[in-house]
Amino acid sequence: MNYIIVLNWNSERETIKCVESLRNLDNFSNCRVIVVDNNSHKKSYDSILEYFILNYENEFIEIGEKEAVSYNIDHNLYLIRNEGNYGYAGGNNIGIKFALKFESMSYVWILNNDTIVQTNSLKFMLHKFLENNNYGVVGSRLVQLENKSNVQGVGGIINSWLCTTKEIGSDLKINDAINEKEFEEKIDYVIGASLLISRDCLETVGLLCEDYFLYYEEIDYCNRAKSKGFLIGIASKSVVFHAHGASTNKGKSLIADYYSVRNRILITRKFYPNKLIFVKLSIFLVCFNRMKRFQFSRAFKYLKFMF
C-alpha cells in the first residue's frame, strides 16, 4: 500500500486540486491519502473539510493530531489537523508516523500541495524501486504548472563551499528523454515537492529532520539516506506539475527569506563543518545586499543567528 501525504497550510484551493488529481492515479486503489493541516486558519481548514464531506463522505475520516497517535482504522482518505504549524518536516512527519503504523504501508509519497500529478506519476516511481532494491528515495520530473512544457528540475546539486543549491534539468522539456543514471550521478538530492520513500529507508534513516522548518529538508534526508547505503533515484517519466514557490511566495515573505539563509548555516554545521567559515563569509555578503536594499531587519536577523 502507498500512503500519500499532502501538507496544507492556508492553501485550501491548491490542496483540493492536488487531491482531485490524485484520485485519477492509475493505481489509486492501492493508495491512501493523508492530508495534514498545519494549523491553518479556520476558513482554509473548513474548506477542505467541506470538500471531503461533499465528495468523499463515506471514504474519509477527520482526526486530530493527538488522536492520530493511536488511530489505526483503514480509510481511503484522512484529514489530520495539527495543533501548531510545524513546518515542512514537522507537518509531514505527523503523516509519516501515522502511515508507519499500518503494516501494509510499503512506500510514503511526500507531495507538495501545489502540485498536480499525471495519472501514471506514481507508477513510474514505483517501477524505479523495482529496478534496484537499494533505492531509498526517488523523485519525479517536476514540470512548471504555469508552462506545462518546461521542466523545473529533476534533482538538485549543492555547492558545499557556500551551501547554495541549484536545480538541474531546467533546460529540458516535458517529453525529453534523459539518461537517468547519468543524472543520478550528478545530483545531490531530489526535489522535496515529490519524494517517494520506501518503508525500509524510513525505518533505517528515520523521519525528516525538523531543525529547518522550511527549505533544505530534502537535502538533509538524502544525505542521511546515502550515509546508510541507500541510493537516490530519478523517475524521469513520473511527471508532476508544480507551481514553484506557491506555498511560500506570498511576496517572498520574511519567514521564507529568513529560513533560506539561516538553513545554509544549519546544514553546513551538520554535513560540511569544514566549509562553515566560507558559508558565513558568503552570508555577510547577503547581509550587505539586504542593507543596500534598506532591509535592515532581515540583515540583523541573519547576523544574530550567525553569532
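Let's start with the rings: those of Phe, Tyr and Trp (its six-membered ring) pair if their centres lie within 6.5 Å, and planes under 30 degrees apart count as stacked, over 60 as edge-to-face and the rest as tilted. By that rule this structure holds 13 aromatic pairs. One of them joins Y51 and F52, a tilted pair at 5.6 Å centre to centre with 40 degrees between the planes. F52 also meets F60: the ring centres are 5.2 Å apart and the planes stand at 45 degrees, so this pair is tilted.

A word on what you're looking at: the model is predicted, with local features needing pLDDT of at least 70 and side-chain atom pairs counted only at pLDDT 80 or more, while totals for chains, interfaces and linings use all residues. Residues are numbered from 1 along each chain as its sequence is written, and side-chain values use heavy atoms, leaving out hydrogens and water.

Y51 and F52 are both buried (under 20% relative accessible area; exposed is over 50%, partly exposed in between, with a 1.4 Å probe and protein chains only). F52 comes out at 1%, and F60 is buried at 11%. Elsewhere, Y3, Y78, F98 and F102 make up one aromatic cluster.

R81 puts its charged end over the ring of Y45, 4.1 Å from the centre (the cut-offs: NZ of Lys or CZ of Arg within 6 Å of the ring centre and within 35 degrees of the ring normal). K123 does likewise over the face of F124, at 5.4 Å from the ring centre.
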